[in-house]
Amino acid sequence: MAKHRGAGGRVAICAVAQTKFERDKWQVRFQGMLWEVVEKVLRQTGLQFGAGGIEAAVTVSDDVFDARTISDGAITDVVGAHHQSEEKVAADGAQGVYYAAATILSNHHDIVLLAGHCKESQSASRNQITHLAFDPFYTRPVGLDYVAAAALQAQAYMARTGVTEAQLADVVVRSRKWARENPVAQETAAVTREQALAAPMLAAPIRQSFMYPVSDGAIAMILASEERAAELTDRPVWITGLGNCYDSFFLGERDLAGNFSLERAAKKAYEMAGVTHPTDAFEVVEIADQYAHQQPQYAEGLALCPARQGAKWLADGGPEKQHVNRSGGMLAGNPLILGGMARVAEAVIQLRGEAGSRQVPGAKRALAHGATGPAGQLQTVVVLEN
Amino acid sequence: MSNKKEGGPELIVSRQILSIAQRFSTGPVMGRFLRELRDNKRIMANKCPKCGRHQLPPREVCALCSVEATEWEELGPEGAIRDYDIVYYSSPDPLTGETRETPYVLCWAQLDRTQGDAPLWHLLNAPDLSKVRRGLRVRVVFSEERDGTMGDIKYFEIIE
């Protein structure tokens with residue numbers, strides 16, 4: 001049991017490891033994929049499982065992608081939870097960061113292993129999986145899945161803001177350019193605006209190139225209380241702001257062109273971190289852009305530019321100026337459930353100064369975003385500082 | 001389909017079958033276990049280099065020591081029943097939809113040379129249910145046609 005630290009305690013991310021993200025890791029089970037990164041964070045910190053070491057794990061996985069109920073039961077061997085505590089977050093891994101931090105802030109544990117995995121390649125169709133996220137009576141029979149939901153969001157957003165297809169293509173072009181500087185990124189082949197615009201249409205206006213690719217991978221992190229962080233690393237990255245918010249389950253009840261839940265999630269995180277002017281508060285910004293239109297849309301929701309000004313933000317080079325998604329972002333490939341967790345991982349790497357050719361020099365504060373559910377129903381915002 | 005309680009409104013119930021095509025990697029560890037069943041009719045377990053415990057089914061990491069279990073040893077094919085259960089309801093095979101004849105016997109058998117708790121789980125061929133008991137000596141019987149699945153083991157047979 002952790003020592004009581006009361007309100008105002010801080011939580012550090014002390015280690016991060018990611019697999020390379022790939023379209024089909026057919027050589028390994030998801031357990032083997034996860035062990036690769038768990039072993040790395042154990043080595044980075046010198047920690048072992050058990051009393052005085054890692055006493056708790058928070059895991060991130062999706063039962064339907066894993067094709068088994070309570071699928072975290074299948075990974076207890078790998079995350080040290082055989083005969084120990086483990087809790088699963090069945091939402092984007094940024095929520096796992098939230099949960100692990102809360103575990104420490106609430107004095108339950110001093111050190112938590114956070115481990116997420118997904119093999120999207122395991123299913124013949126991701127759309128069959130995300131179709132099951134909808135209710136069986138009202139929306140499933142009409143054929144909704146996450147792509148169709150995102151297309152409705154894109155239609156609404158582009159109609160309101162005037163963001164064009166060509167601008168979305170440029171978002172993809174830029175994602176690929178930066179992905180080439182990120183050793184774990186999946187989609188690194190250069191693409192031109194014309195090529196992106198010629199990709200097959202999935203659900204108008206979303207083309208294949210505008211959607212994150214089928215992706216397999218795993219991420220692990222070690223989170224620790226301020227008292228223990230110094231033992232584990234000389235470069236802790238502090239979580240200084242956290243916020244999340246759900247929007248309605250039913251798409252028709254939402255303003256799909258807007259950012260109801262993201263604005264509220266960001267407000268909570270910014271207040272906690274003392275961020276008053278988000279446009280210039282961050283040297284590093286990582287947005288979980290599952291689809292290209294979500295990069296400007298969520299930039300609005302995160303108050304990186306004024307509401308409804310996403311088209312101007314893109315035209316003025318906002319993503320480049322504000323160092324958005326130098327990892328390549330989610331368009332470069334992460335499994336759906338790890339999109340936000342990979343954004344946090346990149347923020348940590350940048351704040352530790354370990355980002356190599358994509359490093360933002362002197363980065364002090366980073367913003368990481370994750371989204372869960374159809375058209376970003378649940379939004380999660382994390383502010384990190386070194 | 002509808003349900004109507006007498007005097008009440010009709011309460012509609014929707015019947016659906018969820019079907020998702022999947023393909024599971026077995027990886028180098030579980031994959032070797034299945035390959036050995038198929039090609040060599042051998043029960044291979046991996047062994048923790050730290051605690052010496054076998055893992056069956058073999059997994060990447062020793063669940064107790066959190067180190068890679070890289071050594072391999074053949075277990076059985078004879079062993080002793082640890083626990084068993086007699087099943088009286090028909091349980092359909094999810095892939096074929098075929099049901100087994102009931103009653104049938106499921107059992108854990110600790111194979112000879114196993115270190116630690118790592119029994120093999122399979123059906124027991126037991127024409128006479130009154131003979132089934134804990135500690136009964138059994139032997140693994142392999143299927144004629146094998147395809148790298150647990151069906152490569154036909155069942156345990158009782159050693160008379």
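Reply: Start with where the chains touch. This is a predicted model. The contact draws 18 residues from chain B and 22 residues from chain A.

Me: What kinds of residues make up the side of chain B that touches chain A?

Reply: That side of chain B has 8 nonpolar, 7 polar and 3 charged residues.

Me: Now the strands. How do strands of a sheet pair?

Reply: Strands of a sheet pair through backbone hydrogen bonds, and the pairing is either parallel or antiparallel. Take chain B. Strand S7 (residues 104–111) of chain B runs antiparallel to strand S8 (residues 120–125) of chain B, with 5 bridges between them. Find Cys107(B) in the model: the residue opposite is His122(B) in S8(B).

Me: In which sense does S8(B) pair with strand S10 (residues 153–158) of chain B?

Reply: S8(B) and S10(B) pair in the parallel sense, over 2 bridges. Here Asn125(B) stands opposite Glu157(B) in S10(B).

Me: Next, sheet order. In what order do the 3 strands of the open, antiparallel sheet in chain B lie?

Reply: The order is S4-S3-S5 (chain B). Strand S4 (54–55) and strand S5 (71–75) of chain B are the edge strands, and each pairs on one side only.

Me: How many bridges link strand S3 (residues 43–47) of chain B to S5(B)?

Reply: There are 5 bridges, and the pairing is antiparallel. One pair to look for: Asn46(B) has Trp72(B) in S5(B) as bridge partner.

Me: Let's go to chain A. Why is strand S7 (residues 216–225) of chain A described as largely enclosed by the rest of the structure?

Reply: Count the buried residues. In S7(A), 10 of the 10 residues are buried, so the strand is largely enclosed by the rest of the structure.

Me: Where do the side chains of a strand point?

Reply: In a regular strand the side chains alternate between the two faces of the sheet. Both faces of S7(A) are covered. On one side, Asp216(A), Ala218(A), Ala220(A), Ile222(A) and Ala224(A) are buried. On the other, Gly217(A), Ile219(A), Met221(A), Leu223(A) and Ser225(A) are buried too.

Me: Which strands pair with S7(A)?

Reply: Among them is strand S1 (residues 11–18) of chain A, antiparallel to S7(A) and joined by 7 bridges. Val16(A) stands opposite Met221(A) there. Strand S4 (residues 111–119) of chain A also pairs with S7(A) in the antiparallel sense, over 9 bridges. In that pairing, Ala115(A) faces Ala220(A) as the opposite residue.

Terms used. Residues are numbered from 1 along each chain as its sequence is written. Chains are lettered from A and ligands numbered from 1 in the order in which they are written. This is a predicted model: local features need pLDDT of at least 70, side-chain atom pairs count only at pLDDT 80 or more; totals for chains, interfaces and linings use all residues. Two residues are in contact if their C-beta atoms, placed from the backbone, lie within 7 Å. Ala, Val, Leu, Ile, Met, Phe, Trp, Tyr, Cys and Pro count as nonpolar, Asp, Glu, Lys and Arg as charged, and the others, Gly among them, as polar. Two strands pair if DSSP finds at least two bridges between them. Helices (H or I, at least four residues) and strands (E, at least two) are DSSP runs, numbered from the N terminus. A residue is buried if 20 or more other C-beta atoms lie within 10 Å of its own, exposed if 12 or fewer, and partly exposed in between; C-beta atoms are placed from the backbone.
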